[in-house]
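Here are my notes to read alongside the model.

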Amino acid sequence: MTTPDFTLERNAYGQLVLTSPTGDRHIGIVPVRAFPIAAPDEGIALVNAEGHEVGWIDSVASLPPALGQLVDEELASREFVPEIEQIVEVSSFACPSTWQVVTSRGQAAVVLKGEEDIRRLSQTRLMIADTHGIQYLIRDIGKLDRHSRKLLDRFL
């Protein structure tokens, strides 16, 4: 565990406040993942209200527990990327189509307007954007059940 050269706290308005080693205070800090899919807990920039990086975290795990929890809470409140665990059915194999899926956040209906909304991040990982602007992640195609893979293959 390493102690960073800055302090981070929440003010009375719920905003993150970073105090640098020189005593400069930055209010309204936003943590931003450098690699949100590939390495979500490594490389986190702390960005001020003007969009400038004022701090860096190599790894959340290396932080003291209280500080790590504060960063995790702030990231969780900003990010919403449910993971698709199962594809139950699709309305049509032509787009637009509605997919009934089971996600890490419960059941959902994903409306796919075109095959271009399925983006391959790696050999096994996909990001799917629905018409409402929600991004869904399939972390590992190989871990989906056979029925889900069969439905997905029709769109890849």
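1. Let's begin with helix H1, where Pro65, Ala66, Ala76 and Ser77 are exposed on one side; exposed means over 50% relative accessible area, buried under 20%, and partly exposed in between, with a 1.4 Å probe and protein chains only. Helices (H or I, at least four residues) and strands (E, at least two) are DSSP runs, numbered from the N terminus. The buried residues of H1 are Leu67, Gly68, Leu70, Val71, Glu74 and Leu75. They cover an arc of only 160° around the axis, which puts them on the same side of H1; the arc is that of the directions from the helix axis to the C-beta atoms.

2. Before going further, please keep in mind that this is a predicted model: local features need pLDDT of at least 70, side-chain atom pairs count only at pLDDT 80 or more, and totals for chains, interfaces and linings use all residues. Residues are numbered from 1 along each chain as its sequence is written, and side-chain values use heavy atoms, leaving out hydrogens and water.

3. What do the buried residues of H1 pack against? Their partners are strand E1 (7-10), strand E2 (16-19), E3, strand E4 (42-47) and strand E5 (53-59), where contact means heavy atoms within 4.5 Å. As for length, H1 covers residues 65-78, and its 14 residues should span 20 Å at 1.5 Å a residue, which agrees with the 20 Å between its end C-alpha atoms. The expected span is 1.5 Å times one less than the number of residues.

4. Now turn to helix H2 (residues 146-153), whose buried residues are Ser148, Leu151 and Leu152. They cover an arc of only 100° around the axis, so they sit on the same side of H2. Arg146, Lys150 and Asp153 are exposed on the face turned away from that buried side. An α-helix has 3.6 residues a turn, so residues three or four places apart point the same way.

5. The buried residues of H2 pack against strand E6 (84-90), strand E7 (97-103), strand E10 (126-129) and strand E11 (135-138). At the start of H2, the backbone nitrogen of His147 has a side-chain oxygen of Asp145 within 3.1 Å.

6. E10 and E11 also belong to an open sheet of three strands, in the order E9-E10-E11, with antiparallel pairing; two strands pair if DSSP finds at least two bridges between them. Strand E9 (118-120) and E11 stand at the edges with a single partner strand each, so one side of each has no neighbour in the sheet. Four bridges join E10 to E11, and Ile128 stands opposite Tyr136 in E11.

7. A polar atom of the Arg33 side chain lies 2.3 Å from the backbone oxygen of Pro40. Leaving aside residues up to four places away in sequence, Arg33 touches Pro40, Asp41, Gly43, Ile44, Leu75 and Glu79.

8. Ala45 lies in strand E4 and is buried, with a relative accessible area of 10%. Ala45 and Arg33 are 12 residues apart in sequence and 6.5 Å apart in space, C-alpha to C-alpha.

9. The peptide bond from Cys95 to Pro96 is cis, with omega near 5°. Most peptide bonds are trans.

Conventions
Polar contact = N/O pair within 3.5 Å; in protein donor to acceptor, adjacent residues only side chain to side chain.
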